[in-house]
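I opened this notebook to record what I looked up in one structure. The entries follow the order in which I consulted it.

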Amino acid sequence: MMIKGKFITLEGGEGVGKTTNMSFLKDYLSLHGIPVTLTREPGGTPLAEHIRILLLESSDEVITDQAELLLMFAARAQHLKQVIEPALHAGSWVICDRFTDATYAYQGGGRNMSAQAIQWLENFVQGNLRPDLTFLFDAPVEIGLKRARHRSSLDRIESETLVFFEQVRRAYLLQAKLEPERIKVIKSDQALIDVQSEITRFLHPFVFNDHHS
Ligand code: T5A
């Protein structure tokens with residue numbers, strides 16, 4: 001079946017503003033008559049949301065790195081079949097708060113899991129499906145963590161060390177360097193209005209080239 005919608009993902013470290021800017025993106029697309037589906041990872045379906053709880057809740061049992069990686073992809077497999085692919089086939093644009101770039105950054109960069117293993121799972125679970133456009137919200141680690149801490153108590157992954165989050169940030173920025181066409185880096189340690197004008201600068205040509213051509 002042909003994919004008619006576009007797949008946009010929002011990425012970045014903790015508290016950098018992905019969720020805050022999701023409604024801005026939705027409003028922009030809706031204003032241009034584009035149907036939008038909003039979703040998130042890990043999560044997006046009842047089963048995948050259960051997996052999210054398993055992943056983010058602190059527990060006495062230490063989750064192994066391999067189990068964490070496989071749970072991320074188990075949630076993703078369900079989410080893709082139940083939500084993302086049907087929406088794209090129906091012509092909706094999908095905006096997803098985190099996707100596989102987060103796996104490369106957190107499990108790859110943060111946990112040092114092999115990129116080949118992640119790539120194998122990516123191909124197995126997603127086939128050819130990749131995001132069409134990704135916004136990477138980037139800010140110094142301390143700023144994002146401070147915002148996240150201010151918003152609510154920290155979950156299992158948010159309670160990792162600063163070194164871990166520096167590795168995550170480095171991995172994300174490296175991905176953006178390797179794929180500059182798809183991944184647009186948004187400087188997120190500035191006022192929200194400036195963050196959103198940067199988003200618009202990239203989103204506008206994307207919408208007009210792809211939707212109105
Ligand atoms: N994970 C996920 C993996 O390890 N591997 C994977 O494959 C996937 C998919 C959950 C965790 O799962 C991990 C990564 C995560 O640790 P999540 O729920 O998306 O993923 O995680 P968080 O990053 O924790 O989500 P947050 O909601 O904390 O961060 P956001 O969405 O980036 O930030 P947001 O929008 O909630 O903003 C945080 C606060 O900052 C303020 C907001 O008002 C809010 O209070 N804010 C600003 N303040 C000032 N200036 C600005 N420009 C601001 N922008 C936002």
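**Entry 1: the model and its annotation.** I noted at the outset that this is a predicted model. I then consulted the UniProt record, an unreviewed entry, which carries the annotation "domain: Thymidylate kinase-like" for residues 10–199. For residues 10–199 I looked up the secondary structure and found 57% helix and 13% strand. The end C-alpha atoms of that span lie 11 Å apart.

**Entry 2: the ligand.** I asked which residues come nearest to the ligand. There are 28 residues around the ligand, and Thr19, Thr20, Arg98, Arg151 and Glu158 come nearest. I next looked up polar atoms facing oxygen atoms of the ligand. A polar side-chain atom of Lys18 is 2.6 Å from a ligand oxygen atom. For Gly15 I recorded a polar backbone atom 3.1 Å from an oxygen atom of the ligand. For Val16, too, a polar backbone atom lies 3.1 Å from a ligand oxygen atom. I then looked up how much of the ligand is covered: taken alone, the ligand exposes 1000 Å², and the protein buries 84% of that.

**Entry 3: helix H2.** I asked which residues of helix H2, residues 46–56, are buried. They are Ala48, Ile51, Leu55 and Leu56. Viewed down the axis of H2, these buried residues fall within an arc of 120 degrees, so they line one face of the helix. I set beside this a general point: an α-helix has 3.6 residues a turn, so residues three or four places apart point the same way. On the other side of H2, I found Pro46, His50 and Leu54 exposed. I also looked up what covers the buried residues of H2, and the cover includes helix H3 (65–89).

**Entry 4: Asp138.** I located Asp138 in strand S4, residues 133–138. Is Asp138 buried or exposed? Its relative accessibility is 14%, so Asp138 counts as buried, the cut-off being under 20%. Leaving aside residues up to four places away in sequence, Asp138 touches Arg169, Leu173, Val185, Ile186, Lys187, Ser188 and Asp189.

**Entry 5: Val207.** I found Val207 in helix H8, which comprises residues 192–210. Val207 counts as buried because its relative accessibility is 0%. I finally compared its position with that of Leu25: Val207 and Leu25 are 182 residues apart in sequence, and their C-alpha atoms are 11 Å apart in space.

Notes: Residues numbered from 1 in each chain as written. Predicted model: local features only at pLDDT ≥ 70, side-chain atom pairs only at ≥ 80, totals over all residues. Heavy atoms only, no water. Buried < 20%, exposed > 50% of the residue type's maximum accessible area, 1.4 Å probe, protein only. Helix = DSSP H or I, 4+ residues; strand = E, 2+ residues; numbered from the N terminus. Arc of directions from axis to C-beta. Contact = heavy atoms within 4.5 Å. Near = heavy atom within 4 Å. Polar contact = N/O pair within 3.5 Å; in protein donor to acceptor, adjacent residues only side chain to side chain. Areas by Shrake-Rupley, 256 points an atom, 1.4 Å probe, with all protein chains shown as cover. UniProt positions renumbered as here; feature names shortened; annotations may be inferred.
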